[in-house]
Structures are given as C-alpha cells and as structure tokens.
Amino acid sequence: MNDPRPALSPSLFALSIFYGGMVCIAGVLGNKQVALGPLAVEAGIFAFLLLVVTSSAVAELHGRHIANRLVQIGFVPLIASLLLSIVVLAIPASEEMDPARRDAFQMIMGGTPRIWLGGIIAYGVSQTLNVTIFSALKGKEGSQLLWLRAGVASVLSQIVDTLLFVMIAFYGVFPIGQLLLGQMLAKVVLSALLVPPVIYLLVAIGRRLDRA
C-alpha cells in the first residue's frame with residue numbers, strides 16, 4: 001500500500017536544517033559584541049536575521065502555514081540547547097581542564113533565567129510576526145517586490161524582538177535606553193542591507209533544489 005503522506009520537498013528539508021542550526025548558534029554568538037561603525041551590537045544579530053530571512057523564504061516557497069510550523073518546531077532545538085547547556089554547566093569540570101578555559105566556558109555559556117526566558121519569548125513572538133507580516137504583504141494573489149516584503153517584515157519583527165528581549169532580560173538591572181536604541185538601529189540598518197540579497201538567494205536555491 002502506498003504511503004498517502006506527502007513527501008517533504010528538498011527545499012523545505014534544507015531550509016529547515018539551516019533554520020535549526022541558526023536557532024542553536026544565535027545564543028552562543030550573542031556573547032560577543034561587535035563594532036559596526038559607532039554601534040556596538042551583539043553578534044547574535046546575524047543569526048537572528050538569517051532566521052528571519054529563512055522563515056520568509058519558506059513562506060514564499062511553501063506558504064504561511066508551513067512557515068509558522070517551522071517557527072513552532074524551532075522551539076525544540078532552542079529549548080533543547082538551553083537545557084543541555086544547563087546540564088553541562090552543572091556537571092563538574094575535569095581537573096585536567098585548563099582553568100582559564102573552564103572559567104571562560106562558564107562565563108560564556110552561563111545565563112540567568114530572565115535571559116533564557118527573554119530569548120524564548122522574543123524568538124516566538126518576533127518570528128511569528130515576521131511570517132505574518134511577510135505573508136500579509138504578499139496577499140492572496142501573490143506579489144512582486146520580494147525584497148521589500150522581506151525587508152519590511154524583518155525590520156518590524158526585529159524591533160519587536162529587541163523590545164521583548166531587552167525588557168524581559170535587563171529591565172531593572174541597568175538602564176536600557178541606549179541598549180534598545182543601538183540594537184534597534186543596528187537591526188534596521190542590517191535588515192535593509194542584508195535581507196534583500198539573502199532572501200533572493202535562499203528562494204533561488206530552494207526553487208533550484210525542488211526542480212532538481
């Protein structure tokens with residue numbers, strides 16, 4: 001008897017794997033601040049922008065419902081990586097491990113419940129908002145201007161991402177006004193510069209995989 005379930009398309013398979021990888025690495029990259037002109041931003045912004053572009057590419061190729069499912073499934077590697085980090089941090093380090101490396105690992109991989117909660121909430125809300133805005137701009141009949149739809153969705157969703165994460169993780173700990181302003185400005189600029197070419201690249205790769 002033939003299996004009635006539809007086969008997973010090559011493009012969705014590839015983009016899903018890439019998406020899961022970006023979910024896991026974003027938090028690790030966020031431990032480094034990089035200088036972008038006058039702005040100092042956490043390097044995780046690059047992985048988050050790739051998450052945004054990937055979910056938009058899936059929405060373009062496979063529709064809003066599939067893109068939202070991708071975002072929902074993304075909670076699995078996100079939460080699993082957080083739990084695994086907690087377990088590894090709780091296990092005593094080997095006495096043979098270099099103390100400098102041990103302390104650096106503890107500092108980089110450690111976090112507070114507020115930071116972890118902020119990351120989970122900001123991820124879910126901002127990624128869902130990105131897919132919603134992108135799909136709404138496309139409309140039922142479809143639309144050209146892929147770069148504009150992806151750029152607008154990225155800018156708005158990343159502003160919300162910054163507001164949620166910074167407010168949940170750091171409100172009351174230290175003044176957050178400059179941090180919010182710097183992160184939002186950086187995400188708006190990077191969305192305008194990076195999202196248009198990358199969305200065309202991912203959609204083109206996806207269509208090529210499906211044709212092959």
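Student: Arg 102 first: buried, exposed or in between?
Tutor: Arg 102 is partly exposed, with a relative accessible area of 35%. The cut-offs are under 20% for buried and over 50% for exposed, with partly exposed in between (1.4 Å probe, protein chains only). Bear in mind that this is a predicted model, where local features need pLDDT of at least 70, side-chain atom pairs count only at pLDDT 80 or more, and totals for chains, interfaces and linings use all residues. Residues are numbered from 1 along each chain as its sequence is written, and side-chain values use heavy atoms, with hydrogens and water left out.

Student: Ok, what does the side chain of Arg 102 meet in a salt bridge?
Tutor: Asp 103, at 3.2 Å from N to O. A salt bridge here is a side-chain nitrogen of Lys or Arg within 4 Å of a carboxyl oxygen of Asp or Glu. Asp 103 counts as partly exposed, at 45% relative accessibility.

Student: How many salt bridges are in the whole structure?
Tutor: The search finds five.

Student: Which residues are linked in a network of them?
Tutor: Glu 60, Lys 138, Arg 149 and Arg 207.

Student: How far apart are the closest N and O atoms of Lys 138 and Glu 60?
Tutor: They are 3.6 Å apart. That pair links distant parts of the chain, with Lys 138 in helix H6 (residues 113-138) and Glu 60 in helix H2 (residues 44-62), 78 residues apart. Helices (H or I, at least four residues) and strands (E, at least two) are DSSP runs, numbered from the N terminus.

Student: And Glu 60 with Arg 207?
Tutor: Their side chains meet in a salt bridge too, at 3.8 Å from N to O.

Student: Is Glu 60 buried or exposed?
Tutor: Glu 60 is buried, at 13% relative accessible area.

Student: Switching to Phe 134, where is it?
Tutor: Phe 134 sits in helix H6. It counts as buried because its relative accessibility is 1%.

Student: What is Phe 134 in contact with, leaving aside its neighbours within four places in sequence?
Tutor: Ser 56, Ala 59, Glu 60, Leu 146, Arg 149, Ala 150 and Ala 153, where contact means heavy atoms within 4.5 Å. So Glu 60 and Arg 149 turn up in that list because each has heavy atoms that close to Phe 134. As for Ala 59, its C-alpha is 7.8 Å from that of Phe 134, though the two are 75 residues apart in sequence.

Student: Zooming out, what's the secondary structure of the chain?
Tutor: Eight helices and two strands, in the order α-β-β-α-α-α-α-α-α-α along the sequence. The radius of gyration, taken over C-alpha atoms, is 19 Å, close to the 17 Å that the globule rule (2.2 Å times the number of residues to the power 0.38) gives for 212 residues, so the chain is as compact as a globular protein of that length.

Student: What does the C-alpha trace span along its principal axes?
Tutor: About 55 × 50 × 25 Å. Buried residues make up 36% of the 212 in the chain. Of the contacts with a separation of 6 or more, 75% are between residues 24 or more positions apart.
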